[in-house]
Amino acid sequence: MSQPVRTESEDAPKRKDQFATRLIHFGAEVDKTTGASSVPIYQASTFHHFSLEEPPEYDYSRSGNPTRQALEDYIAKLEGGVRGFAFSSGMSAISTAFLLLSAGDHLICTEDVYGGTYRFLTVIAKRLGIETTFVDMTDLEEVKAAIQGNTKAVFMETPSNPTLKITDVAAITNWAKEHDLLTLLDNTFMTPYHQRPIELGVDVVLHSATKFLGGHSDVLAGLAVAANESLGRRLKMLQNSLGSVLGVQDSWLLMRGMKTLQARMEHSEKSARKLAEWLVTRPEIERVYYPGLEDHPGREIHERQSSGYGAVVCFDTGSGEAARKVLDKVRLPLVAVSLGAVESILSYPALMSHAAMPKDVRHARGIGDGLLRYSVGLEDIDDLIADLEQALEG
Ligand SMILES: *Cc1c(COP(=O)(O)O)cnc(C)c1O
């Protein structure tokens, strides 16, 4: 006996589903045509025009593809925005969003920004006539002092990488609105499970979905979400013109990863808290950076705007020699660039993510030769701690 196609019921309860439920029931979880339990992969570059008078909804996959669209609607729903966009990498999402600006425009950006974003702004955007002032975004007065007659936008990243500094998002967006500035925020470290910037007044949310959203170190992807229709239309135009869209197989894999976002983040965050607290008790560790620690300078602001502290813990072993010893001796984490996966990942910022930064600038930003970044995965936390303990003592 055939079942009726599932449709949105008109007398559906008004109560809004919680985040965990929205992760599973995001609108495209059941294929409307066949009832299949996952979004079909529409492996097609182009679409037949059944009638020239009525062009099809999708006509060419750079402009739109039903599999990618399902992902784009999914992230828009999770972030509370109106329109989502999927790109071939986080950098592709971020650089596309920067092209909302034009030659002659000025941008204020956090000095602790992701290295690839820093490179785009200081090399490419600069060449295109877009100027950037980098500021310490934990200091609102410094942000305000950076405004110029041609300032058009503010770019935030909180917590920042790798010293996990906190920007007061609502304070920045309130000030930005008074001056008609566009606000953008890289939400990679928190994900919409812990932090929803659009609710705090941000206009464009960006993600390296390669990290927690994908969650399995097997997909490279970027996402952008627009808070309103006019920005949505402008981003759509940029995405279609620049063309660095996410392929359909990767769109599907990303959705598969995102379904377990809350389960993964909850587990990893709980473990990260335990790891941070343990590291604080270790005599050989000079300093631990984690927004959940009592003495973290941004803790109070972070707690106002986020529902958790995330799964990344950074700590200073005191010297390059000590850091190398740990990297050599650890048995469990992957020693690699990247973060936010089922497996723990240990990175060495001085030689990996921040290698291009001049040494004195790097040191001034607290990224010393002994600093390590631990992205906590889903392993048993007591095993991870025992492993790190033997590496520190070894
Ligand atoms: C990794 C990362 C990016 C870049 O994303 P890709 O997917 O590697 O292009 C941007 N921002 C942050 C915070 C990141 O960690």
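Trainee: What makes the ligand count as sitting in the second largest pocket?

Mentor: The ligand sits in the second largest pocket because a molecule is assigned to a cavity or pocket if more than half of its atoms lie within 2 Å of its grid points. A pocket, on a 1 Å grid over the protein atoms alone, is an open set with protein on both sides within 12 Å along at least five of seven lines, whereas a cavity is a set of points where a 1.4 Å probe fits but cannot get out. This is a predicted model, in which local features need pLDDT of at least 70 and side-chain atom pairs count only at pLDDT 80 or more, while totals for chains, interfaces and linings use all residues. Residues are numbered from 1 along each chain as its sequence is written, and side-chain values use heavy atoms, with hydrogens and water left out.

Trainee: Which residues around the ligand come nearest?

Mentor: There are 13 residues around the ligand, and Gly 90, Met 91, Asp 186, Thr 210 and Lys 211 come nearest; a residue is near if one of its heavy atoms lies within 4 Å of the molecule. The shell divides into five nonpolar, five polar and three charged residues, where Asp, Glu, Lys and Arg count as charged, Ala, Val, Leu, Ile, Met, Phe, Trp, Tyr, Cys and Pro as nonpolar, and the others, Gly among them, as polar.

Trainee: Why is the pair of Phe 19 and Tyr 193 called tilted?

Mentor: Rings of Phe, Tyr and Trp (its six-membered ring) pair if their centres lie within 6.5 Å, and planes under 30 degrees apart count as stacked, over 60 as edge-to-face and the rest as tilted. By this rule the count comes to seven aromatic pairs. The centres of Phe 19 and Tyr 193 are 5.7 Å apart and their planes stand at 40°, so this pair is tilted.

Trainee: Where does Pro 159 lie, and what joins Thr 158 to Pro 159?

Mentor: A cis peptide bond, with omega about -5°, joins them, and Pro 159 is found in the loop between β4 (151–157) and α6 (169–178).

Conventions:
1 Å grid on protein atoms, 1.4 Å probe; cavity = no way out; pocket = protein on both sides within 12 Å on 5 of 7 lines; lining within 4 Å. Helix = DSSP H or I, 4+ residues; strand = E, 2+ residues; numbered from the N terminus.
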